[in-house]
Amino acid sequence: MLARARAEQPVIFPGPSGPLYGIITPAAPDSPVTGRCVVFPGRPRFRSRRLPVLWARILAADGFTCLRFDIRGHGESAGSFGSGSRKKSTGFGGEDVIAAIHHMQDTRGESRFIVFGNCYDANAALEAVKIDRGAIDGIVFAGGPVLSEKLGLPGFEQPSWTEKGRKAILSLLGRPGISNRTDFSKNFESAFGALLQSRVRALFIYCDDDRFRREFKVAEDRLFAKLDNDARQRLQVEIVPGPSSAIDSGEPRLFERAVSWIREISDADGPPRPKSKLRKHGAQVALAPRRRNKPWPRPL
Amino acid sequence: MPGNLTESRQFFDSGGISLYGVMHRAVRSSPVVIFCNCLSESHAEWRAEVVGSRLLAARGHTAFAYHPRAHGDSAGNAADVTFEDLVSDAMAAAEFARAASGADRIVWVGTRFGALVAAEAIRRRSDTAAFALWEPVIGAREYFRQLMRHVLYYETARGLRPSMTVERMEEHLKREGKIALLMFDLYRVFSESAIDAALEASLQNWHGPIFLAQFQRHSRLSRKYVELKSALERRGAQVEAVLFKDDARTQAGIEPWYSPERIVHQMGEWLDRM
């Protein structure tokens, strides 16, 4: 662990909104070659419980090169603050994740990626699948929001009066299907569709007493219950005991499980593919074509 | 907020521990402004320091920000950290920043609990030109109790029955060696080593310029800061206090640490006058 910490290298790479700042933890030279790079989008890296820092070092000791970086407008990265909106289909930082992947392809010759996102960064990881051209093998969607509005909790996070009024009017207009049903966020809806169309594996993981877990229950009932066998094998759902899925809550069981899942899928995918040659400056890397010819399914 | 070529990031050593630091070089190499933060309650505090460093560098002041041990990208185990370790990290950061920048004087910026650490470093050094306090913690004992009370408020707000009283939490900390607060874990080793840290005590012999920035969204300086200001001025220190002013972002619900520009601008003017 200490050796991995000492081997870390700060990096700056171009992002869509300006330079993005991160830290690379190189895979331990004496570890088995996994051929996979784990990307942690973070907002920002400087967290009190800094689990991404620790997991990056643990995974690097196991042979995974890791990059943790600040999403735009957070930590050291350029750009203005934005935490993503549940009402929009983009803006959670998926483009930044892709920029990070390109940086690792260009400068380190990495070709296969696993993206690990927690809370809103889970949406960044999922959003990246929508833009990716086949470089992502798996994502960890840890404790992310999925609905278009927060579910009411006792004492706080109730829908605004405007929202309540809108629902009441829609109900009076005889559109109960809209007023009585909580919609998925546009971002989650479109990115989940892309995930279904891809070959990317995913682990959706929550703590059982987490506020976002209540949101995810809706997705479990309405989305995951309808998946075919192939999708069920690719998209795993796990609920672990604990009060909160957030990194800052320091619930280690969730993150330990996520890390072991990364090891599992790496092992399951067999021997690593040869690393791609470094991209020449300005040249395009040969990536699998986008699978966006046919429309994404609308299971939501 | 562009990063630019004047920024350099590296790891430096503090008692065998690798610490992450960022140097923002500018026209004026001395004094170097060093940001000191720890036990961050909000991950936006580091953002405020990054924005602050860049704006000060753009104004001509060389600045240095770092992650102390067991924080951010630095090495170290949180369970082992003591207050003395954090002071040692601040001292190591000062040595590194001075050597790297060529500065012979330091302006410290203490953010929240980092103010206590920086004040202790100031007490042990003779090269401090000025001290800026960003929403400083006044004393560790009351601060830890306040954070425990926040846990109770949080549980109550969620409609839960509070799991422990503050006294029970303190007992739990003594017995178990650790307690989970809202944004970080407090360890007995750290709590016991820091419990007597107090800003006024550490600044007993400090009579230089002080810049006090309140990031809370209040129209007046809070009572604790009024008292601190008076106490420091009675000892001969020159204290300039500024308040955070709402902008479009904070009105939209974004926390003040994401909008430090105005306070940094005022701090820049304060530095220019020195």
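**Ground rules**

I number residues from 1 along each chain as its sequence is written, with chains lettered from A and ligands numbered from 1 in the order in which they are written. Since I'm working on a predicted model, local features need pLDDT of at least 70 and side-chain atom pairs count only at pLDDT 80 or more, while totals for chains, interfaces and linings use all residues.

**Chain A, overview**

I looked up the secondary structure of chain A and got ten helices and eight strands. Helices (H or I, at least four residues) and strands (E, at least two) are DSSP runs, numbered from the N terminus. Of the 300 residues of chain A, 47% count as buried; buried is 20 or more other C-beta atoms within 10 Å of a residue's own, exposed is 12 or fewer, partly exposed is in between, and C-beta atoms are placed from the backbone. I also checked contacts in chain A between residues at least 6 apart in sequence: 77% of them join residues at least 24 apart. A contact here is two C-beta atoms, placed from the backbone, within 7 Å.

**Chain A, the sheet**

What order do the eight strands take? I read 1-2-4-3-5-6-7-8, an open sheet with mixed pairing. Strand 1 (9-15) and strand 8 (235-240) of chain A sit at the edges with a single partner strand each, so one side of each has no neighbour in the sheet. From one strand to the next, the twist averages 20°. For pairing, I use at least two DSSP bridges between two strands.

Strand 1 of chain A runs antiparallel to strand 2 (residues 18-25) of chain A, with seven bridges. In that pair I found Phe13(A) opposite Leu20(A).

**Chain A, strand 5**

I went to strand 5 (residues 112-118) of chain A next and found six of its seven residues buried. Strand 3 (residues 36-42) of chain A pairs with strand 5 in the parallel sense over four bridges, and Arg36(A) stands opposite Arg112(A). Strand 6 (residues 136-142) of chain A also pairs with strand 5 in the parallel sense, over six bridges; there Asn118(A) faces Ala142(A). Strand 5, helix 4 (residues 120-131) and strand 6 of chain A make a right-handed β-α-β unit. Right-handed means that, with the strands pointing away from the viewer, the path from the first strand over the helix to the second runs clockwise.

**Chain A, strand 8**

I picked Gln236(A) in strand 8 of chain A. Is Gln236(A) buried or partly exposed? It has 16 C-beta neighbours inside 10 Å, so I log it as partly exposed. Leaving aside neighbours within four places in sequence, Gln236(A) contacts Leu203(A) and Phe204(A).

**Chain B, strand 4**

I found seven of the seven residues of strand 4 (residues 61-67) of chain B buried, so the strand is largely enclosed by the rest of the structure. His61(B), Ala63(B), Ala65(B) and His67(B) are buried on one side, and Thr62(B), Phe64(B) and Tyr66(B) on the other. I recall that side chains in a regular strand alternate between the two faces of the sheet.

Strand 2 (residues 17-24) of chain B pairs with strand 4 in the antiparallel sense over five bridges, with His24(B) opposite Ala63(B). Strand 3 (residues 28-37) of chain B runs parallel to strand 4, joined by four bridges; Arg28(B) has His61(B) as its bridge partner. With helix 1 (residues 44-58) of chain B, strands 3 and 4 of chain B make a right-handed β-α-β unit.

Definitions and conventions
Axes are lines fitted to C-alpha atoms, for helices over the stretch in contact, and angles run from 0 to 180 degrees between N-to-C directions.
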